[in-house]
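Q: I would like to learn how to read a protein model feature by feature. Could you take me through one, giving the general idea before each case?

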Amino acid sequence: MNMIEINNVSMRFNLAKEKSESLKEYFLQLIHGKLQFDEFYALRNVSFNVEKGDFFGLIGLNGSGKSTLLKVISGVYKPTEGSTHVNGTIAPLIELGAGFDMDLTARENIYLNGTVLGLTPKYIDEKFDEIVAFSELQDFIDVPLKNYSSGMIARIGFAIATITQPDVLIADEILSVGDFLFQQKCEQRMQNLRQNGTTMILVSHSIQQIERNCNKVAWLEKGHLKMIGDTQTVCEAYKQIHRE
């Protein structure tokens, strides 16, 4: 069964050729037709499927289109061409701090972010202590998030997103900001979720992390799908070209 279907997806962005000194100048140029754009394709005709139970890795250099593709799958972007389809619920961890208010405390943000992910206040009440315990931030729970490090924010975000059993979990470099022991803890939770039926997509610049966790990998290069297959085959080909 395919949990995610990506069909000939292209994503085009328009980049302004000339720099506007102010928002007013930008709109004046736009109104008078003086604003010119360069077209930039972050993705070009990308197609593949992710099957139920896969731990699917996405690799590629910066600017290859990995994060853009995850945002298309998650519904943040509508593709310029093509289509995507996701069967079931999706928990996206695609941007550090997304769904948080940095002026609120971690306690308040657990309820805010949980609600954004579709959790009820009653459910969050029941799982609150478990979320805090997993994040290991008991001593900082009533501190505003603006005083948190990026690693601490990642801990809270991951703990909330994985407190349920989503059909699909997407993680975009979310583990790269945590310490090694917490990364291991997160990887173990993802493996547990997978064993219980959750399909995973992981983006990471760490080929070792991809090799440890994923059973299939897609390699994006400048917006194109360069290669897809089993982890060992794709990662070995990638390392031959891009030595870490």
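This is a predicted model: local features need pLDDT of at least 70, side-chain atom pairs count only at pLDDT 80 or more; totals for chains, interfaces and linings use all residues.

Q: Where is Gly65 found?

A: Gly65 lies in the loop between β3 and α2. With a relative accessibility of 10%, Gly65 counts as buried, because the cut-off for that class is under 20%. Gly65 touches Ala42, Leu43 and Leu220, leaving aside residues up to four places away in sequence, and its C-alpha atom is separated by 8.0 Å from that of His224, which is 159 residues apart from Gly65 along the chain.

Q: How many helices and strands are there in the protein chain?

A: The protein chain has 8 helices and 9 strands. Of its 244 residues, 45% are buried, and residues 24 or more positions apart account for 71% of the contacts with a separation of 6 or more.

Q: In what order do the strands of the open sheet come?

A: Strands of a sheet pair through backbone hydrogen bonds, either parallel or antiparallel. Here 6 strands form an open sheet in the order β5-β6-β7-β3-β8-β9, with mixed pairing. The edges are taken by β5 (90-93) and β9 (224-230), each of which has a single partner strand, so one side of each is left without a neighbour in the sheet. From one strand to the next, the twist averages 15°.

Q: Which residues of α8 are buried?

A: The general idea is that an α-helix has 3.6 residues a turn, so residues three or four places apart point the same way. In α8, the buried residues are Thr231, Val234, Cys235 and Tyr238. Seen down the axis of α8, these buried residues fall within an arc of 95°, so they line one face of the helix. The face turned away from that buried side carries the exposed residues Gln232 and Gln240. The buried residues of α8 pack against β3, α7 (207-213), β8 and β9.

Q: At what angle do the axes of helix α4 and helix α5 cross?

A: A helix pair is described by the approach of the axes, the angle between them and the residues in contact. The axes of α4 (residues 121-135) and α5 (residues 150-161) come within 9 Å and cross at roughly 140°, and the two helices are therefore oblique to each other. The crossing in which α4 passes α5 is right-handed. The contact is made by Ile131, Phe134 and Ser135 of α4 together with Arg155, Ile156, Phe158, Ala159 and Ile160 of α5.

Q: Which residues in α6 do those of α4 meet?

A: Helix α6 (residues 180-195) packs with α4 at an angle of about 135°, their axes being 11 Å apart, and this pair is therefore also oblique. On the α4 side the residues are Glu130, Ala133, Phe134 and Ser135, which meet Phe182, Lys185, Cys186 and Arg189 in α6.

Q: Is Asn109 buried or exposed?

A: Asn109, whose place is in helix α3 (residues 106-116), is buried, with a relative accessible area of 0%. Not counting residues up to four places away in sequence, Asn109 touches Gly99, Phe100, Asp101, Leu104, Gly114, Leu145 and Ile160.

Q: Where is the place of Asn87?

A: Asn87 is in the loop between β4 (81-86) and β5, and at 24% relative accessibility it counts as partly exposed. Asn87 and Met3 are 84 residues apart in sequence, yet 5.0 Å apart in space, C-alpha to C-alpha.

Definitions and conventions
Residues are numbered from 1 along each chain as its sequence is written. Side-chain values use heavy atoms; hydrogens and water are left out. Two strands pair if DSSP finds at least two bridges between them. Helices (H or I, at least four residues) and strands (E, at least two) are DSSP runs, numbered from the N terminus. Axes are lines fitted to C-alpha atoms, for helices over the stretch in contact, and angles run from 0 to 180 degrees between N-to-C directions. Buried means under 20% relative accessible area, exposed over 50%, partly exposed in between (1.4 Å probe, protein chains only). The arc is that of the directions from the helix axis to the C-beta atoms. Contact means heavy atoms within 4.5 Å. Angles under 35 degrees count as roughly parallel, over 145 as roughly antiparallel, 65 to 115 as roughly perpendicular and the rest as oblique. A crossing is left-handed if the near helix is turned anticlockwise from the far one by less than a right angle, and right-handed if clockwise.
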